[in-house]
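This report describes one protein model, with attention to its helices, its salt bridges and its surface patches.

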Amino acid sequence: EAAQSISSASSSASNRPPLLRRSRATAGQLAIKSFAPRMEDPKRYTMAKDTGKSQRQAILDQNRREYKREHKAATRELRLDAAFIENERRRDKEKRDSKAREQRNKNFAWLEEEQATMNQQIRMGGGLLTGGGIGAAKAKARSGTIGIKKGGKWR
């Protein structure tokens with residue numbers, strides 16, 4: 001009996017098609033099936049909020065909701081416009097301030113250069129340019145006429 005069942009199984013195997021790999025599902029097969037929405041007459045449409053109300057009250061509520069939406073949209077637009085205008089104003093102010101700052105720094109650089117030149121001439125013993133530093137105060141302190149630290153007297 002076992003031999004018979006094996007021989008019958010092997011004979012039926014020749015009729016069977018060979019095993020094949022399955023192909024992957026396409027995006028269209030995986031997509032969720034959706035149906036076209038049912039369109040109704042917008043004049044006869046009533047929101048769930050408006051059911052059970054008189055037609056006059058439903059229209060009033062619809063208008064109130066529309067006004068609220070428009071008000072929010074207008075407020076949003078004004079806020080965006082104000083932010084844009086403020087950014088432009090700040091950019092212009094920064095340009096003006098940077099020009100003034102640049103001029104000021106240029107003037108400071110010139111003054112520092114002049115001061116450096118004067119100090120250099122003093123150090124080299126340049127004729128009309130004498131002084132610089134605290135030489136006069138050192139001389140007075142050495143003479144003893146002022147200051148307690150150097151033995152001077154207060155007069």
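Does aspartate 61 count as buried or exposed? At 8% relative accessibility, aspartate 61 counts as buried, where buried means under 20% relative accessible area, exposed means over 50%, and partly exposed lies in between (1.4 Å probe, protein chains only).

The model is predicted: local features need pLDDT of at least 70, side-chain atom pairs count only at pLDDT 80 or more, and totals for chains, interfaces and linings use all residues. Residues are numbered from 1 along each chain as its sequence is written, and side-chain values use heavy atoms, with hydrogens and water left out.

**Overall composition**

The protein contains 4 helices and 0 strands, and its pattern along the sequence reads α-α-α-α. These elements are DSSP runs numbered from the N terminus, with H or I and at least four residues for helices, and E and at least two for strands. Of the 155 residues of the protein, 3% count as buried. The accessible surface comes to about 15,600 Å², and 56% of it belongs to carbon and sulfur atoms; such areas come from the Shrake-Rupley method with a 1.4 Å probe, and for residues only the protein chains shown count as cover.

**Salt bridges**

A salt bridge is defined here as a side-chain nitrogen of Lys or Arg within 4 Å of a carboxyl oxygen of Asp or Glu.

| Pair | N to O distance |
|---|---|
| Lysine 53 and aspartate 61 | 2.3 Å |
| Arginine 89 and glutamate 86 | 2.7 Å |
| Glutamate 88 and arginine 91 | 2.5 Å |

Aspartate 61 is placed in helix α3. Its salt-bridge partner lysine 53 counts as partly exposed, at 35% relative accessibility. A network of salt bridges links Lys53, Asp61 and Arg64. When residues up to four places away in sequence are not counted, aspartate 61 touches Asp50 and Lys53, a contact being heavy atoms within 4.5 Å.

The pair arginine 89 and glutamate 86 lies in helix α3, with the two residues 3 residues apart, about one turn of the helix. Arginine 89 is partly exposed, with a relative accessible area of 45%, and glutamate 86 is partly exposed at 27%.

Glutamate 88 and arginine 91 are separated by about one helical turn because they are 3 residues apart in helix α3. Glutamate 88 has a relative accessible area of 29% and is partly exposed, while arginine 91 counts as partly exposed at 45% relative accessibility.

**Surface patches**

Patches are made of residues with over 30% relative accessible area and no salt bridge; like charges are joined within 9 Å, and nonpolar side chains (Val, Leu, Ile, Met, Phe, Trp, Tyr) within 5 Å.

Which residues form the nonpolar patch on the surface? Phe108, Trp110 and Leu111 do, and together they have about 360 Å² of accessible area. Leucine 111 belongs to helix α3, which covers residues 55–123. With a relative accessible area of 48%, leucine 111 is partly exposed.

A positive surface patch consists of Lys49, Lys68, Arg69, Lys72, Arg76 and Arg79. For the assignment of charge, Lys and Arg count as positive and Asp and Glu as negative, whereas His and the chain ends are not counted. The place of a charge is taken as NZ of Lys, CZ of Arg, CG of Asp or CD of Glu. Lysine 72, one of the residues of the positive patch, lies in helix α3.
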